Structure formats: C-alpha cells, structure tokens
Amino acid sequence: MDKLVIEGGPRLSGEVTVSGAKNASLPILAATLLTDERMEIRNVPDVADVRTMLKILQALGVEAVKDGDRVTTRPTPKRQWLAPYKLVSTMRASICVLGPLLGRLRKAQVSMPGGCIIGPRPIDLHIKGIEALGARVKIEHGYVHATAGSLRGSTVYLGGPCGSSVLATANTMMAATLAQGRTVIENAACEPEVVDLADCLVAMGAKIHGQRTHVIEIEGVKALHGARYTIIPDRVEAGTYLLAAAMTRGHLFIKNGRAEHLGAVIDKLREAGVQVTSANGGLKVDAPRGALRPVNVTTLPYPGFPTDLQAQMMALMTITDGLSVITEKIYPERFMHISELNRMGAYVFLEGASGIVRGVRALSGAPVMASDLRASAALVLAGLVAEQRTDIARVYHLDRGYDGMERKLEQLGARIWREKA
Ligand code: EPZ
C-alpha cells in the first residue's frame, strides 16, 4: 500500500486543470448499457472508481476500453443483467447500473451496495423510482432483483429525508428513457453531474426536459443510439484546489473551473476573506496573507454547499481565527476526518451532526490515516500547511476519486510525493 508524504509550508501558485467529473463519469458510463451501439466518452478521469465501473461494464457484456481520457464502449451480443457482488461491493455507485439494465433488458440483478464509512447508503428511493415505472423488485440474498414486462412512464416523487437523491434520480431517469410514455420526476436532484447525464442521454436520442430544475420530464423512446460525449470538469476537485490555495495563502488559476458549479463554496470562501473570481474561462483564487475569518457551513443538496467538500472546508477552518460550525445534513456521520485532523493539532469536536472547529495558529505534521475519499483530501490540505512532515497512509482512498493529485500539487509548488508504506 502507498502513502503520501507532504512537507508543509510552500504557498501554492500557478495554473491547474482539473480532470473530468468522477460523479458524472460513473452514471454516464452506466448509460452506455442503454444502447446497442458504440459510444465514445471523453474527459473521463483516471481514477480507481472509473476502472471499477469499466470492469462492471465488461461483466455485463459491454466492451469498455480506456485510452487516455477517452472511453469507447461496444456492446457484445452476450448482454448480462447480473452485476456481481465482488465488483459492486467495492463501489456504492455501481448501483447506477440498475436503471439502464432495467431499461434496456427489462431485467437487473444488482448486488446491494455495501454501506460505507460516511454512513448508511439506503436505496429505497432507487427502488421507488423503478417501481413507479412498473418494475417488480425483490431483495434476496443481498441482491436487488428487478424485472419488468414493460416499463410505463409515471410521476414519482424522489425526495428523501435529506432532500433529493443524485443516483436515484439517475437510475429512474435512465430507465424512463426507454419506458412507454411520459415520466415526471419530482424533487429530482439537479447536481451538475445529473445535468451532464441528462445531456448525454439527450445526445443518445432521449427526450428529456427540466434537467436543471427539481422537476425532470422524460418522454420514452423506442431505442437510444450511440453518441460521442465529453464529461464536465470535476467541481469537487476544483473546489479542493480552491481550498488548497486558501489554506496555503496561495494564488491559483483553475483553467477549467466553473463558477456556476461552485456557487456555495465560492460564497463561503469570500465570506472567509478569500478572493475568488471568474476569469479567462476559469477560476482565479487569491488568498490574503493575513488571517481568514471563520465561517459556518451547512451541507445541502445542490445548489447548497456540497457534502463532498465538507471535510476539505473543515481543514481550512482548523487554521482560521475563531469558531466555525460545520453541519452535515446529507451524511450526518461524515466526520472521520476529525480525529485525524486533531492528531495534527486541530481543535475540532463533534456535537451531533455538527463539527465545532476552534481555529489554531498552526497544524503540526503527523502520521495520519485516510478513511474515505474526501477525508483523505482534507488530510492532504492539512499536510500542505502543517509544520514539518505528514505521512498519509491508505492513500488508495484518495486514488478512488482524485486524478494525479500529488502531481498537480507538486506542479503548484507543494513538497509532496508517494512512497511505499
Ligand atoms: C452521490 O451519491 C455522490 N456519488 C456522492 O459523492 C455525494 O456525496 C452524494 O451524491 C450527495 O451529493 C456519486 O455521484 C457517484 P444521494 P448518492 O442518493 O447518489 C439519502 C463522493 O465523495 N438517500 O444523493 O449515493 C442518503 O442517505 C461521493 O464523490 C436515501 O434516503 O447520494 C443521503 O442522506 C460520496 N434513500 C441523501 O439521500 C436513497 O434511496 C443523498 O444521497 C438514496 C439516498
């Protein structure tokens, strides 16, 4: 297993290009199951979760070849509807093959996704969505078994206790593209990644409207054709670099950063005293040399503050004068990073679903352990400013969703490298 080693101190400066969005790539790769034709998906990031999804497509009878950031898929005559446990259990997002399998083959057998360290990951809304289209669903021996003689459009409300569901919206939308008649998804997720999926489905011949709102309408068609599609830039990666610049008091230009995807994050950074501006098609961030202001953050469905940047925001708040309160409304248990940040000299304590952060003058480097994808990113950010050396073990968590992070940070002036643990 590898570890990342970081010697804290340098201010980041320069330009960085973020990779394609992991959370758009996964459902869009799953959408290739909806057609019998060749697909070409561009700007796909080189991350472990994408490699897992390509293996799942292979197991389902779709040839999937990645060449650089381009993935070409070709369905084979041997189409399968069983997504195997050994692959699905390694990545919760695999559940997003449920909708396209049902839509194209009228049958799906997908292993129940394991829970994960950020909390329970229910799929009741996924099941509600496909049952509304006429699927018969049973859960047996750890698998979701779904069958449908025919799929008929209907209206379904997909709001859960924490608002809309990204992948439940994705699954229902994908199945609805090949249902008879109209489907209306109420309280649909409108994250940029859901919009990207909808735009890709439209490029394949689907009839979809409202994908930038909480009400998505899909008019079923008989078949979807192949298409070429380019994935949007990863807003979570971009937000991570914005926060890295803020922490190191640096100056960055994110060449493909999109302000419209990061409104809530930019708003909080400005409130803290960091200058963020849209310029030349990207995002410019200039952090002041002096102290930043503490801010309170509550995570919400888009366009609210994204839960996937909560840990990274907390890292910034650990070195900000004053008291900040960071509340998780999406995954109330998503705080594994707190104990590791405290090992580095931070002062954070958990009160229910809120992390209470009292800023300290400086963090100190220490051996720490990554626990999940975004917590790992928070530890990298902390290591960039901590005094002396930080060793981050189990960095395979980071490799699930960040494409070449240490290479990009090193190019920006960070002293960071990978070692065998
Ligand atoms: C997507 O997960 C993302 N993953 C997550 O990113 C992200 O944190 C999450 O959306 C929220 O934005 C991908 O897109 C691959 P949800 P998803 O269904 O779709 C509850 C990362 O770090 N819920 O939107 O699985 C659920 O418990 C990952 O890149 C139900 O109650 O998340 C949560 O509280 C982590 N019933 C809330 O909805 C359901 O059937 C939002 O979950 C489904 C979800």
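This is a predicted model: local features need pLDDT of at least 70, side-chain atom pairs count only at pLDDT 80 or more; totals for chains, interfaces and linings use all residues.

An N or O atom in the side chain of Tyr331 is 3.0 Å from a ligand oxygen, and for Arg334 I got 3.1 Å between a polar side-chain atom and an oxygen atom of the ligand. I also looked up how covered the ligand is: alone it exposes 820 Å², and the protein buries 92% of that.

Then I listed the shell. There are 25 residues around the ligand, and Asp124, Leu125, Ser165, Asp308 and Ile330 come nearest. Sorted by class, I have 13 nonpolar, 5 polar and 7 charged residues.

Where do the shell residues come from? Helices H1 (22-31), H5 (124-132), H6 (166-176) and H12 (373-385) each give at least two, with H5 supplying the largest share, 3 residues. On the domain level, domain 1 (2-19 + 233-420) and domain 2 (22-230) each contribute at least three residues to the shell.

Last entry: Ile416, which I found in strand S24 (residues 415-420). Buried or exposed? Its relative accessible area is 3%, so I put Ile416 down as buried, the cut-off being under 20%. Leaving out residues up to four places away in sequence, Ile416 touches Leu4, Val5, Ile6, Val380, Glu406, Leu409 and Glu410.

Methods
Residues are numbered from 1 along each chain as its sequence is written. Side-chain values use heavy atoms; hydrogens and water are left out. A residue is near a molecule or strand if one of its heavy atoms lies within 4 Å of it. A polar contact is a pair of N or O atoms within 3.5 Å; within protein, one must be able to donate a hydrogen and the other to accept it, and residues adjacent in sequence count only if both atoms are side-chain atoms. Accessible areas come from the Shrake-Rupley method with a 1.4 Å probe; for residues, only the protein chains shown count as cover. Helices (H or I, at least four residues) and strands (E, at least two) are DSSP runs, numbered from the N terminus. Ala, Val, Leu, Ile, Met, Phe, Trp, Tyr, Cys and Pro count as nonpolar, Asp, Glu, Lys and Arg as charged, and the others, Gly among them, as polar. Domain bounds come from an automatic or database domain assignment. Buried means under 20% relative accessible area, exposed over 50%, partly exposed in between (1.4 Å probe, protein chains only). Contact means heavy atoms within 4.5 Å.
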